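Here is a short briefing on one protein chain. Please keep the sequence and the 3D view open while you read.

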Amino acid sequence: MTLQRPVPALVASLCLAFGVTAAAHADIKIGFLATMSGPGGTLGQDQYDGFMLGVEAAGGKLGGQAVRIIQEDDQLKPEVGRQAAKKLIERDRVQIVTGLSFSNVLMAVYRDIVNSGTFLLVNNAGPSQIAGQMCSPLYFSTSWQNDQQHEAMGKYAQQKGYKRVALMAPNYQAGREALTGFKRYFKGEVLSETYTQVNQPDYSVEITQLRTASPDAVFIFYPGGMGVNFVKQYHQAGLLGKVPLLSGSTVDGTTLPALQDLALGVMSGGPWSPDLPNAANRSFVEQFRKKYGRVPSHYAAYGYDSAQALNAALKATGGRLDDKKAFEQAMVKANFPSVRGNFKFNNNHFPVSNYYAFEVVRDPAGGVTLATRETVFPDHQDPYHGECKLK
């Protein structure tokens, strides 16, 4: 998939089409900061598309107030992200920053945003520090803490009786936390724990080592283009279908269009998939397919939930953000139909919800999709919420 960032004129026209006011006097300014280019750009694009669909579903406003969405691309570079965050805060004077695709960028911008008194609503990255001792009343997440979806796969591997598993992830914070989460619930032997370069395109050396080690299963965390490359090469090596491949944020709406049948049988863990049977999710998937011509990923789903949460909270405060304590409490209590079904914010403002095991299967409508196979964790809390001093 080739990502093309909309030109300013197109962004303005999209805003008008959604009923989103692009004028400087907009009531509420929201900065959308995410990875919009490079191999990880599909994540940010889905986050953005899901969020904008959520604004559209709310009537083109949030809490009845006109909004202006200002998009910035962090390019998966912490220093670029920090510059963009400062622009949003100091020049654009946004009241809310949302998006954030990768944890290394989030960690770089986190203090600048919350220390400025700006609300931060993240719909992907979830570093352990922010879930724990660095939690803030101004921070909320509609996605997860990084460990959680991988904890689900660790427990799944344990339940399936795998004895010897090899682990792989890119060498940055979310990659390290992914393998930490898997090991928290997998009690068998970890044959190897391999960290590769971020955006590494070739995994032939590592896959040769996997073949030699002969594990019962392999667990990977490779979002975006990294996942496409790894699964293709794993298939080319003749391992897919012979050595079970377990994953988190690797096979989803951003990568399956490129993988198609090559990904059949790959397992993944998380709190959302397109087939969850609640009414809000059915409506979201239908509207997303209709508008964008593709199956949404979990990045889009959590972006959509972010807009819905803001809409509910702003309705509760009469569209006001000046009383930060009142808005925080409105977010905590935000009553909206989440695409995940059951959903609530924990004391650290990360979600508590079910986590499932999914399998890549053929989609009756064409292509491939994720099918829910079992509930691994009901009402799952992240492992760091007890370190957060928020009540």
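Leu76 sits in the loop between strand 2 (67–73) and helix 3 (78–91). Helices (H or I, at least four residues) and strands (E, at least two) are DSSP runs, numbered from the N terminus. This is a predicted model, in which local features need pLDDT of at least 70, side-chain atom pairs count only at pLDDT 80 or more, and totals for chains, interfaces and linings use all residues. Residues are numbered from 1 along each chain as its sequence is written, and side-chain values use heavy atoms, with hydrogens and water left out.

- Leu76 has a phi near 60°, a positive value in a residue other than glycine.
- Leu76 counts as buried, at 13% relative accessibility. Buried means under 20% relative accessible area, exposed means over 50%, and partly exposed lies in between (1.4 Å probe, protein chains only).
- Leu100 also is not a glycine, and its phi is positive at about 65°.
- Leu100 is placed in the loop between strand 3 (96–99) and helix 4 (103–115).
- With 0% relative accessibility, Leu100 counts as buried.
- As background, most residues other than glycine have a negative phi.

**The whole chain**

- The chain holds 13 helices and 13 strands.
- Its radius of gyration is 20 Å, close to the 21 Å that the globule rule gives for 391 residues, so the chain is as compact as a globular protein of that length. The radius is taken over C-alpha atoms, and the rule is 2.2 Å times the number of residues to the power 0.38.
- The C-alpha trace spans about 60 × 45 × 40 Å along its principal axes.
- Of the 391 residues, 61% count as buried.
- The chain exposes about 14900 Å², and carbon and sulfur atoms supply 49% of that area. Accessible areas come from the Shrake-Rupley method with a 1.4 Å probe; for residues, only the protein chains shown count as cover.
- Take the contacts between residues at least 6 apart in sequence: 72% of them join residues at least 24 apart. Contact means heavy atoms within 4.5 Å.

**Domains and record**

- The chain is divided into domain 1 (28–146 + 277–353) and domain 2 (147–271 + 357–380). These bounds come from an automatic or database domain assignment.
- The C-alpha centres of domain 1 and domain 2 lie 26 Å apart.
- Domain 1 gives 28 residues to the contact, and domain 2 gives 25 residues.
- UniProt, in an unreviewed entry, lists residues 28–361 as "domain: Leucine-binding protein". UniProt positions are given in the numbering used here, feature names are shortened, and annotations may be inferred rather than shown by experiment.
- That span, residues 28–361, is 43% helix and 20% strand, and its end C-alpha atoms lie 42 Å apart.

**The nonpolar core**

- The largest nonpolar core has 122 residues. Such a core is a set of buried Ala, Val, Leu, Ile, Met, Phe, Trp, Tyr and Cys residues joined through side-chain atoms within 4.5 Å.
- Leu120, Phe230, Tyr234, Leu246 and Phe284 have the most contacts inside this core.
- Helix 12 (residues 298–316) supplies the largest share of the core, 11 residues.
- Domain 1 (28–146 + 277–353) and domain 2 (147–271 + 357–380) both give residues to the core, so it lies between them.
- Beyond its neighbours within four places in sequence, Leu120 is in contact with several residues, among them Val97, Leu100, Leu106, Tyr110 and Phe140.

**Buried residues and distances**

- Val55 lies in helix 2 (residues 41–57) and is buried, with a relative accessible area of 0%.
- Val55 and Ser306 are 251 residues apart in sequence and 9.4 Å apart in space, C-alpha to C-alpha.
- Ile69 lies in strand 2 and counts as buried at 5% relative accessibility.
- Ile69 and Val94 are 25 residues apart in sequence, and their C-alpha to C-alpha distance is 9.0 Å.

**Partly exposed loop residues**

- Asp202 lies in the loop between strand 7 (189–196) and helix 8 (204–213).
- At 44% relative accessibility, Asp202 counts as partly exposed.
- Asp202 and Met226 are 24 residues apart along the chain, with 9.0 Å between their C-alpha atoms.
- Gly341 is in the loop between helix 13 (324–332) and strand 11 (344–345).
- Gly341 counts as partly exposed, at 32% relative accessibility.
- The C-alpha atoms of Gly341 and Thr196 are separated by 35 Å, and the two residues are 145 residues apart along the chain.
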